Amino acid sequence: MSRWLSLTEAHPLLRDVRQQSALHALACFAFIAACLLAWVSLKPFPDQTLMELGELASGKEAPTYAAFGAMALLAVALAFSDNIPAFRSLATWYFITFLVWMVLTLVWSMDFNTSIRRFALFSCVCAVAVSMPLLPRSPAEMIRWFSIAALIVLALCFTGVFLAGKVSIHQPTDFLESHLAGSWRGAFGHKNIAAAMMPMLVFIGIAAVRSGMVIAGPAISVLAAVFLIGTGGKSALALCIVGLGVSAAVSAGRGLRLRAVLSLSPLLLLNLLTIGTVMNDGLDQLAALLPIDTTFTGRTDIWQFALESFAAHPLSGYGFGSFWGSRAILDLTTAGMEWAGTASHSHNGYLDTALTLGMPGLMLLLVVLVILPLKNFQLAGSRGNQGPLADLFLQIWLFGIYLSALESFFFDREDPVWFTFLVATFGLHYLARFRLTESRAVPQLSSCAAT
């Protein structure tokens with residue numbers, strides 16, 4: 001019933017499209033366009049050999065601001081009238097407190113101009129992500145729309161690798177990180193971003209298979225897995241496997257405590273074996289016994305610098321988005337640490353949150369993005385909302401919180417991993433509060449089970 005892109009199903013598919021209302025067709029367009037805007041960006045296949053240092057740090061953002069601003073207005077307008085209870089459900093103490101704290105950090109930011117610009121784009125991205133799960137009419141439809149976007153992205157990435165290797169494969173002549181030569185990056189700006197996105201596409205493919213898309217589903221998962229291997233992203237590959245295993249165990253489990261132990265134990269272990277090795281000699285010695293690179297590809301120097309910088313402003317932080325790539329970091333660099341001025345993040349999302357939002361911000365992040373999504377998954381099951389969509393959101397969320405021990409995408413404006421993680425997080429929020437059926441969408445069942 002829900003297969004996609006089969007030649008034998010093309011005519012029924014077109015007939016189904018013609019039967020949809022103009023507003024619903026526009027919602028479908030907005031959903032897929034939002035995915036492509038975040039995943040592919042307005043400047044796909046950037047030529048790394050021509051990039052300037054300033055562009056790497058800040059980028060030419062005006063078109064991106066305009067595009068996400070317009071997309072936010074469109075998505076909210078399409079979703080709002082039928083989903084007022086869903087939007088009201090976001091007015092919780094934890095969301096409001098977190099938002100207020102982020103705004104306060106703008107006031108004392110070490111680089112106010114950078115903070116306010118980044119917060120503006122972050123706000124637009126959040127508005128789009130909040131609306132995305134409210135646009136489809138059913139869970140199966142949302143998975144189909146995700147699958148269309150995933151196939152487009154994969155087609156672009158593989159076309160780039162085979163036909164335009166200079167701008168889709170890292171080259172020895174890249175302005176920075178020429179040592180990555182040969183690693184696939186496709187339409188993305190860096191192989192780490194491509195590697196982080198591919199597991200999320202693998203998860204979408206699995207959800208598509210479970211929804212009955214027996215052609216597109218396996219194609220998405222296999223192609224994404226192949227591209228992931230081509231990126232050389234060993235951490236992303238390992239965390240993809242871990243995420244799939246943990247999500248299967250969590251789905252099979254029933255009690256919230258058991259699910260918390262299953263979900264959060266790998267997260268704790270990852271952080272202990274990463275930034276923990278910089279903070280504690282015993283953990284460093286333990287990591288040295290493991291068959292891994294104990295410097296984590298040079299990350300330990302960055303973690304050390306970030307921890308020392310955090311110690312100077314542990315409560316207030318440096319302000320929203322005002323550390324890496326801002327003027328604030330220039331005051332902290334000393335002889336031999338000039339490289340810090342070119343770093344884009346600390347390769348740990350939790351540490352970066354503490355740097356910019358202080359310890360209160362980190363605590364709020366753990367509540368909003370680590371603890372509550374798991375609780376929401378638990379509540380979704382009690383609503384009868386377990387299924388491919390809930391499991392897809394769970395897998396994306398698990399992979400995101402694990403990846404954040406080695407990479408940093410929290411609050412990173414239009415970062416594709418951050419955007420997808422946000423959609424999954426808000427999706428779990430809605431699933432926990434509204435009972436679904438196969439004929440209606442998440443938002444349009446608010447009268448059944450709002451809490």
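**Exercise 1. Two helices side by side**

Which residues in α2 meet Pro-416, Phe-419 and Thr-420 in α19? Then describe how the two helices pack and what kinds of residues make up their contact.

*Solution.* Keep in mind as you work that this is a predicted model.

Step 1: On the α2 side, look for Ala-34, Cys-35, Ala-38 and Trp-39, which meet the three named residues of α19.

Step 2: Two packed helices are described by the angle between their axes and the distance between the axes. For helix α2 (residues 22-39) and α19, the angle is about 145° and the axes are 8 Å apart.

Step 3: Sort the contact residues by class. The contact of α2 with α19 has six nonpolar residues, one polar residue and no charged ones.

**Exercise 2. A phenylalanine with two partners**

*Solution.* A pair of aromatic rings is described by the distance of the centres and the angle of the planes.

Step 1: Begin with Phe-98. Its ring and that of Phe-411 are 5.7 Å apart, centre to centre, with 80° between the planes. Planes over 60 degrees apart count as edge-to-face, and this pair is edge-to-face.

Step 2: Phe-98 belongs to helix α6 (residues 93-107), while Phe-411 lies in the loop between α18 (388-403) and α19 (416-431). They are 313 residues apart, so the pair links distant parts of the chain.

Step 3: Check burial, for which the cut-off is under 20% relative accessible area. Phe-411 has 11% and is therefore buried. Phe-98, at 5%, counts as buried too.

Step 4: Turn to Phe-122. Its ring centre is 5.7 Å from that of Phe-411 and the planes stand at 65°, so this pair is edge-to-face. Phe-122 is in helix α7 (residues 112-131), 289 residues from Phe-411. With a relative accessible area of 5%, Phe-122 is buried.

Step 5: Widen the view. Phe-98, Phe-122 and Phe-411 belong to one aromatic cluster, whose members also include Tyr-350 and Trp-418. Across the structure, the count comes to 29 aromatic pairs.

**Exercise 3. Finding the salt bridges**

How many salt bridges does a search of the whole structure find? Name the partners and say how exposed each one is.

*Solution.* Side chains of opposite charge can pair when their charged atoms come close.

Step 1: The search finds two salt bridges.

Step 2: One joins the side chains of Arg-210 and Asp-391, at 2.6 Å from N to O. Arg-210 is in helix α10 (residues 191-210) and Asp-391 in helix α18, 181 residues apart. Arg-210 is partly exposed, with a relative accessible area of 44%, whereas Asp-391 counts as buried at 12%.

Step 3: The other joins Asp-412 and Arg-413, at 3.4 Å from N to O. Here Asp-412 is partly exposed at 24%, and Arg-413 counts as buried at 12%.

**Exercise 4. How confident is the model?**

*Solution.* 

Step 1: Start with the whole protein. Its mean pLDDT is 85, and 84% of its residues reach 70 or more.

Step 2: Confidence is highest in α18, at 97, and lowest in helix α20 (residues 446-449), at a mean of 37.

Step 3: Look at residues 1-16. Their pLDDT is below 50, and the stretch has 18 contacts in the model beyond near neighbours in sequence.

Step 4: Move on to residues 52-59. There, pLDDT stays under 50, and the model has 13 contacts beyond four places in sequence for the stretch.

Notes: Residues are numbered from 1 along each chain as its sequence is written. Side-chain values use heavy atoms; hydrogens and water are left out. Rings of Phe, Tyr and Trp (its six-membered ring) pair if their centres lie within 6.5 Å; planes under 30 degrees apart count as stacked, over 60 as edge-to-face and the rest as tilted. Helices (H or I, at least four residues) and strands (E, at least two) are DSSP runs, numbered from the N terminus. Buried means under 20% relative accessible area, exposed over 50%, partly exposed in between (1.4 Å probe, protein chains only). pLDDT is the predictor's confidence in each residue, from 0 to 100. Contact means heavy atoms within 4.5 Å. A salt bridge is a side-chain nitrogen of Lys or Arg within 4 Å of a carboxyl oxygen of Asp or Glu. Axes are lines fitted to C-alpha atoms, for helices over the stretch in contact, and angles run from 0 to 180 degrees between N-to-C directions. Ala, Val, Leu, Ile, Met, Phe, Trp, Tyr, Cys and Pro count as nonpolar, Asp, Glu, Lys and Arg as charged, and the others, Gly among them, as polar.
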